[in-house]
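Keep the structure open as you read.

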Amino acid sequence: MDVLDTALEVIDLRSFSNLWYWIALATLWSSVSHWVLGVPHDMIQRARREGGQAQADVEDLVRININRLLHIVDSGALLMVALTAFWLTALLVLAFWYDIEFAQAVVLLFAPMLLVVWASVRASRRIVAEAATGEALFRRLTIHRRVVQVIGMLAITVTALYGMWQNINVSILN
């Protein structure tokens, strides 16, 4: 039992007071906003500046990632929506009905990612419909990146406010 107590002290399931939670939150949103539809933003910038082979590489990466994403969505959308709804509902019940802080932290990490997935599918369908290449593709990727960044800023703000409120309300004696 001593090992279990030690492990739980190290892990510290009080998420909002844990530094690792905030590092994970920052890393998650940094990564999501840097990788636009599976393409690093610096590659997009270089392709916009230089053109040529860099542009061809970005167009190929975007085509591969968009085709992969749309194939997954088109072939398994019903199952994905059902599983996502189940797990999100379970997490929401644990988080806010049973007041489990760890579940609240997980909800605040992953619920906004549903908006990112929706925005990615929407941007992918627009790129395919427009058959965007070159500057039109770069503009579409930049718009998508800004949408993801706005979602991230709102998610971080809500998480920080809720985390501060949670930390203030939790007694130091518990």
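## Trp 22 and its contacts

Leave out the neighbours within four places in sequence, and Trp 22 is in contact with Ser 15, Phe 16, Thr 159, Ala 160 and Gly 163. One caveat before going on: this is a predicted model. Trp 22 sits in helix H2, and with 26% relative accessibility it counts as partly exposed, because that value lies between the 20% cut-off for buried and the 50% cut-off for exposed.

How far is Trp 22 from Gly 152, counting between C-alpha atoms? The separation is 13 Å, for two residues that are 130 residues apart along the chain.

## The aromatic rings

How many aromatic pairs turn up in a search of the whole structure? The search finds seven. Take Phe 16 and Trp 22: their ring centres are 6.4 Å apart and their planes meet at 50°, so this pair is tilted. The reasoning is simple, because planes under 30 degrees apart would count as stacked and over 60 as edge-to-face. Is Phe 16 buried or exposed? Phe 16 counts as buried, at 2% relative accessibility.

Phe 86 and Trp 87 make an edge-to-face pair, with 5.1 Å from centre to centre and 75° between the planes. Trp 87 is exposed, its relative accessible area being 54%. There is also a cluster linked by ring pairs, made up of Phe 16, Tyr 21, Trp 22, Phe 96, Tyr 162 and Trp 165.

## H2 against H6

Now for the packing of two helices. H2 covers residues 19–34 and H6 covers residues 134–169; they pack at an angle of about 170°, and their axes are 9 Å apart. H2 and H6 are therefore roughly antiparallel to each other, since angles over 145 degrees get that label.

Which residues meet here? From H2 come Tyr 21, Trp 22, Leu 25, Trp 29, Val 32 and Ser 33. On the H6 side, they meet residues including Arg 145, Val 148, Gln 149, Ile 151, Gly 152 and Ala 155, along with Ile 156, Thr 159, Ala 160 and Gly 163. Ile 156 is a handy one to click on. Ile 156 lies in H6 and touches Leu 25 and Trp 29, if you don't count residues up to four places away in sequence. At 34% relative accessibility, Ile 156 counts as partly exposed.

## H5 and its kink

Helix H5 runs over residues 101–130, which makes 30 residues. At 1.5 Å a residue it should span 44 Å, and its end C-alpha atoms are 44 Å apart, so the two values agree. Where does H5 have a kink? At Leu 108, shortly before the proline Pro 112, there is a kink of about 25°.

Ala 103 is also in H5. Ala 103 is buried, with a relative accessible area of 5%, as that is under the 20% cut-off. Not counting residues up to four places away in sequence, Ala 103 touches Leu 91, Leu 94 and Ala 95. Leu 92, which is 11 residues from Ala 103 along the chain, has its C-alpha atom 7.4 Å from that of Ala 103.

## Two positive phi values

Just after H5, Ala 131 takes a positive phi of about 50°, and this is a residue other than glycine. Ala 131 is found in the loop between H5 and H6 and counts as exposed, at 57% relative accessibility.

Leu 37 also has a positive phi of about 50°, although it is not a glycine. Which loop holds Leu 37? The one between strand E1 (35–36) and strand E2 (39–40). Leu 37 is buried, with 11% relative accessible area, whereas Ala 131 is exposed.

Conventions: Residues numbered from 1 in each chain as written. Predicted model: local features only at pLDDT ≥ 70, side-chain atom pairs only at ≥ 80, totals over all residues. Heavy atoms only, no water. Phe/Tyr/Trp six-rings, centres within 6.5 Å; stacked < 30°, edge-to-face > 60°. Buried < 20%, exposed > 50% of the residue type's maximum accessible area, 1.4 Å probe, protein only. Helix = DSSP H or I, 4+ residues; strand = E, 2+ residues; numbered from the N terminus. Expected span 1.5 Å × (residues − 1). Bend = angle between axes of the 7 residues up to and from the residue. Axes fitted to C-alpha atoms, helices over the stretch in contact; angles between N-to-C directions. Parallel < 35°, antiparallel > 145°, perpendicular 65-115°, else oblique. Contact = heavy atoms within 4.5 Å.
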